[in-house]
Amino acid sequence: MACHNGYARLQNTRSLIQQLEYSFMTNKLNGKRIAILATDGVEEVEMTEPRKALEAAGAKTELISPAKGQLQAWRHMDKGDKFPVDVELDAADPNNYDALVLPGGVANPDQLRTMPKAVRFVKSFFEQDKPVAAICHAPWMLVEADVVRGRTLTSWPSLQTDLKNAGAKWVDREVVEDNGLVTSRKPDDLPAFNKKVVELFSQASQHEAQPVGPARTHHRS
């Protein structure tokens, strides 16, 4: 149900490597507000690790979802933790954010791409020239938003035909940046993905935003 190639190996080695990498990212994103759009079925590590990297660099992140209260993450074929939703999709305003992260997992983008509000939310970041990062199956959302035409990007391999049919140039690389869009293929790519995301997002213009909903801590249950 999720993007799992190399998942176990990544789980065993990621923590130390990324702690060292995060130490060099401090303050790069101070004052930036980042949206993470996901729903039930999201691949847990593809949501939590970019979020850790962004917050370590000083950003404020908010988990946006159509799920009510909490969303259920997955670890490959098994249920993972539940995570509190910071802003419900119906209340989310893309104008309040400087950048967008789209985690993967098969069921997550497959549900979101059927929701016009979610598709409009994603498309608005491209219309406003704000940076976007998508990993694994998340580029399905980019196809639905019709924003991949003429771009070079990567994804989980099974999406390449969909992306090519939508006008994209698909390549098999751990991370690709093209005109404000960062993409990667799978959990093994997260170190390179996170580094590139922080680098790109640090170049984004900061937007004024009004608080949306109560502040929440990001506890797992």
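View 1. Of the 221 residues in the chain, 55% are buried (under 20% relative accessible area; exposed is over 50% and partly exposed is in between, with a 1.4 Å probe and protein chains only). This is a predicted model, where local features need pLDDT of at least 70 and side-chain atom pairs count only at pLDDT 80 or more, while totals for chains, interfaces and linings use all residues. Residues are numbered from 1 along each chain as its sequence is written, and side-chain values use heavy atoms, with hydrogens and water left out. Take the contacts (heavy atoms within 4.5 Å) with a separation of 6 or more: 71% of them come from residues 24 or more positions apart. The chain has seven helices and eleven strands (DSSP runs numbered from the N terminus: H or I with at least four residues for helices, E with at least two for strands).

**View 2. Strand 6 and its two parallel partners.** Strand 6 covers residues 99-102; Ala-99 and Val-101 point one way, Leu-100 and Leu-102 the other, and all are buried. Strand 1 (residues 33-37) pairs with strand 6 in the parallel sense over three bridges (pairing takes at least two DSSP bridges between two strands). Look for Ile-34 opposite Ala-99 in this pair. Strand 7 (residues 132-135) also runs parallel to strand 6, again joined by three bridges, and here Val-101 sits opposite Ala-133.

View 3. Arg-185 makes a salt bridge with Asp-172, closest N and O atoms 2.9 Å apart (the rule: a side-chain nitrogen of Lys or Arg within 4 Å of a carboxyl oxygen of Asp or Glu). Arg-185 is in the loop between strand 11 (181-184) and helix 7 (190-201), and Asp-172 is in the loop between strand 9 (169-170) and strand 10 (176-178), so the pair ties together parts 13 residues apart in sequence. Arg-185 is buried at 15% relative accessible area, whereas Asp-172 is exposed at 53%. Asp-189 forms a salt bridge with Arg-185 as well, at 2.9 Å between the closest N and O atoms, and Asp-189 is buried at 2%.

**View 4. A salt-bridge network at Glu-62.** Arg-33, Lys-60 and Glu-62 are linked in a network of salt bridges. The Glu-62 and Lys-60 side chains meet at 3.7 Å, N to O. Glu-62 is buried at 5% relative accessibility, while Lys-60 is partly exposed at 42%. The salt-bridge count comes to 14.
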